[in-house]
Amino acid sequence: MSEVYLFGLTARHAEFLATRQSVIAENVANADTPGFRARDVKPFSEVLETTRLEMAGTDRLHMAGGSGRAGAVEEVSAERWDVTHSGNTVSLEQEMMKAGRVAGEYSLNTSITKAFHRMFMSTLRG
């Protein structure tokens, strides 16, 4: 049985969300660290655009593919709301909003996966 691409896509999105949540937690943990710069990860849509599907070469006569998938999720500097006198750029309100968005996206991702799984199982049962 071949791999269903939607499951792979939702798994990658869940992995992206877990990475973003850990970056947000790191920002919150360093909210009082002088000079700490808040960080974030690139949006998933940008990561998806850099990811390509490649055809598998199963015979030596098949053409060689181009570049592969993008590596790990790249971190970027976060958009700043304010900078404290210590040089810290973490805004707890902004981080809480990001965490809420990540939770919502994770819930949507899980719902889509469950719906697709139900549809997949119904086709197998007939």
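Begin by selecting helix H1: at 1.5 Å a residue, its 25 residues should span 36 Å, and the end C-alpha atoms are 36 Å apart, so the two values agree. The expected span here is 1.5 Å times one less than the number of residues in the helix. The model is predicted, with local features requiring pLDDT of at least 70 and side-chain atom pairs pLDDT 80 or more, while totals for chains, interfaces and linings use all residues. Residues are numbered from 1 along each chain as its sequence is written, and side-chain values use heavy atoms, without hydrogens and water.

Next, display the whole chain. It has three helices and two strands, arranged α-β-α-β-α from the N terminus on. Helices (H or I, at least four residues) and strands (E, at least two) are DSSP runs, numbered from the N terminus. Of the 126 residues, 24% count as buried; buried means under 20% relative accessible area, exposed over 50%, and partly exposed in between (1.4 Å probe, protein chains only).

Return to H1 and select its buried residues: Gly8, Thr10, His13, Phe16, Leu17, Arg20, Val23, Ile24 and Asn27. Then pick Leu6, also in helix H1. Leu6 has a relative accessible area of 27% and is therefore partly exposed. A separation of 9.4 Å lies between the C-alpha atoms of Leu6 and Ile112, which are 106 residues apart along the chain.

Now show H1 (residues 5–29) together with H3 (residues 92–125). Their axes come within 10 Å and cross at roughly 160°; axes are lines fitted to C-alpha atoms, for helices over the stretch in contact, with angles from 0 to 180 degrees between N-to-C directions. H1 and H3 are therefore roughly antiparallel (an angle over 145 degrees). Their crossing is left-handed, that is, the near helix is turned anticlockwise from the far one by less than a right angle. By class, the contact of H1 with H3 has twelve nonpolar, seven polar and five charged residues. Ala, Val, Leu, Ile, Met, Phe, Trp, Tyr, Cys and Pro count as nonpolar, Asp, Glu, Lys and Arg as charged, and the others, Gly among them, as polar.

Select Phe16, Leu17, Val23, Ile24, Val41, Phe44, Ala99 and Val102, the eight residues of the largest nonpolar core. Such a core is a set of buried Ala, Val, Leu, Ile, Met, Phe, Trp, Tyr and Cys residues joined through side-chain atoms within 4.5 Å. H1 gives the most to this core, with four residues.

Finish at Arg80, in the loop between strand S2 (75–77) and H3. Arg80 counts as partly exposed because its relative accessibility is 48%.

Methods. Angles under 35 degrees count as roughly parallel, over 145 as roughly antiparallel, 65 to 115 as roughly perpendicular and the rest as oblique.
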